Amino acid sequence: MNLTAANTALVVDSTADFPEAPERFRNWRVVPLYVRFGDESYRDYVELTPAAFYERLRAAPETPATSQPTPGDFLAAYEELAGYERIFSVHIAGKLSGTIESARAAAGVLDSPERVRTIDSGSASAAIAMLALAIQRRLESGTTDEEVDTLIERYRAEAGLLFTLETFEYLMRGGRVGRARGWAGELLHIKPILTIADGEVVPVKRVRGNRKAFLEFATAFEADTHDSPSLRVGIAHADAPERAQALVELARRTRPAAEIDLVTTLGPVVGAHAGPGTVGLFWFDDPGS
Amino acid sequence: MSELETVRGLARAALASLEASRQRIDDLNVYPVPDGDTGTNLTLTVRGVVEALDATSAGDRAALAREVTRAALMSARGNSGVILSQIVRGAAEVLAGAGTVDSAALAQAFRGAADAAYAAIRKPVEGTMLTVIRELAEEAVDRTADSPADLLEALVRRGEDAVARTPEQLEILREAGVVDAGAAGLVELVRGIAAAVAGAELPQPAKLSEVPQEAVHLEPSQYRYCTTFVIEGEDLEADALERELERLGDSLMVVGDRSALKVHVHTDDPGAALSLGTGAGIIEGVEIADMRRQTEEREERLLEAVLPRVRCAVVAVAAGEGNRRLFERLGAARVIEGGQSMNPSTADLLEAVEATGQAAEEAVLLPDNPNVVLAAGQAARLAGRPVEVVPTRSLQAGLAALVAFNPERSAEENAAEMNSALEGLATGEVTVASRYASVDGIAAREGEFLGLLDEKAVVAGPSFPEVARAVAEGLLAEPRDLLTLLTGQDAPPLDGLLGELAEGHPGLEIDVQEGGQPHYPLLLSAE
């Protein structure tokens, strides 16, 4: 079957941190996760904006909790996309969230479950959005399941991500510190540099001071990429716009031909686990689109 | 009673039973993500079904089954909720098509539930809700001759048994000393339904004693010590004692009679609590548990369950309690006491390296002193596995090297990263001359402070802040990002030194830690 943007839809969950997607693409929907402060539950982005979330996080010492969308939330999105023959449903790593299980459960009760393909991005935040964007680029010129399969495989193997945290507190509290547990060392101005590999938070390097952390991003980004219009870059930050801007400039300076797919704020759900001050750099070389 | 009313009653009973155990189930939650919300998620999921049933006007059983299925899907919270929604779906689909709902139909419903749950999860994991629903289905199929009430009662027993066995099936549960939270929740749900069918009061939830002490204490207390004791005496006044204890902490419990009282309190000052006790009578059976330690130990066990063995460990030599803690917090597996005038032997070093053999495949050794470098090399050669020595000549260098440590890399890769982290590091010390000495052309009288830069004496004098300032300024002669100060045992105050340094070097990040090392009132490094 020839898959196009007219017959194929894309569904991402809100941890893709790409809330404006449905405005940009008619065939996209975003299904929100939930963030909870005590007994008050909000739909990620829809009922609580990142700005309001970080303000609340600063003001109150409450610990927010998060939960995956219900299968019903996905069912509603899939039903709304009834006009499309196929749906690619691209999600946060199954090891970080049960979101994809909700999506699968919803797909399972559709009259034709094979209409929906759930895809585990193996990652989070802009990495989900960038994979979905890569699929969208192929849909716009016409593609096949095989091509999309190859793309996903390559994305999971090759896409780059580095992020650094202000504190490990949030990752620890949410139980998502992964293999970086015990590596925290919150002292001596240490900046941990981390990545997500196969759905797990993995330590990359510890350096002291913000300047060295930034240099480390630059070194790793340069070592793993070459300058090309096919190089796609994403930047995400949790209430740290200056740091995000520094990364934008870093990308423009070192890889002037690259395309910056998106610069985004981490939404309430991802922000609740990463904590304010987090900043991440994402990249993927996509010559096939 | 109409069929709808019956179903409403059963769903409410299931919800009430879950509500009663919600907190306990939250506390058990370590898998798949230890975020402590399984009880809450299951409760919210069932509550959604109850609300949909309250609102429905479904005319026949098939329509009712569809609505229940959809309500469970809509309200399914968390992983456990999603699995539960599939269990509900599987059961509802069978019951929609059944004639009379007898034990045979119930058995088929449990079978349908188990099949739907397994089918929905891509990689089913045993030792979870899945195992329990499967075992319930097996039990039900064997008991179709029983009445529905007897059948359900037998299922509760089988479910409890299956839950108790979950730690045998899932490593992380065994390590954490808990049963699976979702599995426990499923049994509470069945317990509620069984009680309603039998027309019984809702039974007590499973005993709290199933939950290990530390899981009970997981609710974060702002206080550190769980303190319990018994007071024996005459005319003991529980109320008066309670009022005084209240000021010391929380989770307070004072029970007993006028001749004996049992006291339980979470406090940072167990001594004060005991004093209140001795003021009232004779105390005995004193138990003081460090809850923070318990939490740390639990996390440690979880950590070991998640990370069975790392690639590389670090063994470091350091003097001073504060420095030891710094090394440990930065990830050193073993810290050997030692330093100037107390050098550990090759055997000491080797023993510490061997001690990391269980936890890590390889190791890096940080001697942190010029006189330990050789012994470290010997120990590395004698060790039966790859051990690299990064020849750090000071404690400050050891810390800088340790920052670059990554447990997932080999010893060789770590050594390379650590060596490159040491490039551009400058170190300094302030020590006390034990007698008149002239070193590198700098003369210091007995008791005076002697300042060194990269192991060379550069300044001496009677004022600690002045010598310290001269060493610090020497380190900052070229532009630096970071200055680290480790204060020694009985070190004189730094006075205004920090303020002056900050003012004179804008943009410099300064970190002061209590190192506690002997002989050196101050160790410094800049990078």
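## Confidence first

Chain B comes out with an average pLDDT of 86, and 91% of its residues score at least 70. Keep in mind that this is a predicted model, with an ipTM of 0.75 and a pTM of 0.72.

There is one stretch of chain B to be careful with: across residues 207–220 of chain B, pLDDT stays under 50. The model has 18 contacts beyond four places in sequence for that stretch. Where pLDDT is low, the predicted coordinates should not be read in detail.

## The open sheet in chain A

Chain A has an open sheet of 6 strands, and reading across it gives the order E10-E9-E8-E13-E11-E12 with mixed pairing. At the edges sit strand E10 (200–208) and strand E12 (259–265) of chain A, each of which pairs on one side only. On average, neighbouring strands of this sheet are turned by 20° against each other, ignoring direction.

Inside that order, strand E8 (residues 160–164) and strand E13 (residues 279–285) of chain A run antiparallel and are joined by 5 bridges. If you want a spot to start looking, Thr164(A) stands opposite Val279(A) in E13(A).

## Helices against that sheet

What lies across E8, E11, E12 and E13 of chain A? That's helix H5 (residues 126–141) of chain A, running at about 25° to E13(A). In the loop between strand E7 (116–120) and H5 of chain A you'll find Ser125(A), with a positive phi near 55°. Ser125(A) counts as buried because 30 other C-beta atoms lie within 10 Å, against a cut-off of 20 or more.

Pro50(A), Phe53(A), Tyr54(A) and Leu57(A) are buried. Looking down the axis of H2(A), those buried residues fall within an arc of 90°, so they line one face of the helix. An α-helix has 3.6 residues a turn, so residues three or four places apart point the same way. On the other side of H2(A), Ala51(A), Ala52(A), Glu55(A) and Ala59(A) are exposed. The buried residues of H2(A) pack against E12 and helix H10 (268–274) of chain A.

Tyr45(A) sits in the loop between strand E4 (40–43) and H2 of chain A. Its phi is positive, near 70°, and it isn't a glycine. Most residues other than glycine have a negative phi. Buried or exposed, then, for Tyr45(A)? Buried, because Tyr45(A) has 22 C-beta neighbours inside 10 Å.

## A helix pair in chain B

Over in chain B, helix H6 (residues 129–142) and helix H7 (residues 148–169) bring their axes within 9 Å and cross at roughly 140°. The crossing of H6(B) past H7(B) is right-handed. On the H6(B) side, the residues that meet H7(B) include Val132(B), Leu136(B) and Ala140(B). Among their counterparts in H7(B) are Leu151(B), Leu155(B), Arg158(B) and Gly159(B).

Ala240(B) belongs to helix H11 (residues 238–246) of chain B, and is exposed, with 12 other C-beta atoms within 10 Å.

## A one-faced helix: H14 of chain B

Helix H14 (residues 321–329) of chain B buries Asn323(B), Leu326(B) and Phe327(B). Down the axis of H14(B), these fall within an arc of 95°, so they line one face of the helix. They pack against quite a list in chain B: strand E5 (310–318), strand E6 (334–337), helix H17 (395–403), strand E14 (482–487) and strand E15 (509–514). After H14(B) comes Gly331(B), with a positive phi near 110°.

## A covered strand: E12 of chain B

In strand E12 (residues 449–453) of chain B, 5 of the 5 residues are buried. In a regular strand the side chains alternate between the two faces of the sheet. Here Phe449(B), Gly451(B) and Leu453(B) are buried on one side, while Leu450(B) and Leu452(B) are buried on the other.

E12(B) pairs antiparallel with strand E9 (residues 426–432) of chain B over 5 bridges, and likewise antiparallel over 5 bridges with strand E13 (residues 456–461) of chain B. E12(B) and E13(B) make a hairpin with 2 residues between them, and Asp454(B) in the turn has a positive phi of about 45°.

Definitions and conventions: Residues numbered from 1 in each chain as written. Chains lettered and ligands numbered in written order. Predicted model: local features only at pLDDT ≥ 70, side-chain atom pairs only at ≥ 80, totals over all residues. Pairing = 2+ DSSP bridges. Helix = DSSP H or I, 4+ residues; strand = E, 2+ residues; numbered from the N terminus. Axes fitted to C-alpha atoms, helices over the stretch in contact; angles between N-to-C directions. Contact = placed C-beta atoms within 7 Å. Arc of directions from axis to C-beta. pLDDT = per-residue confidence, 0-100. Left-handed = near helix turned anticlockwise from the far one by under 90°.
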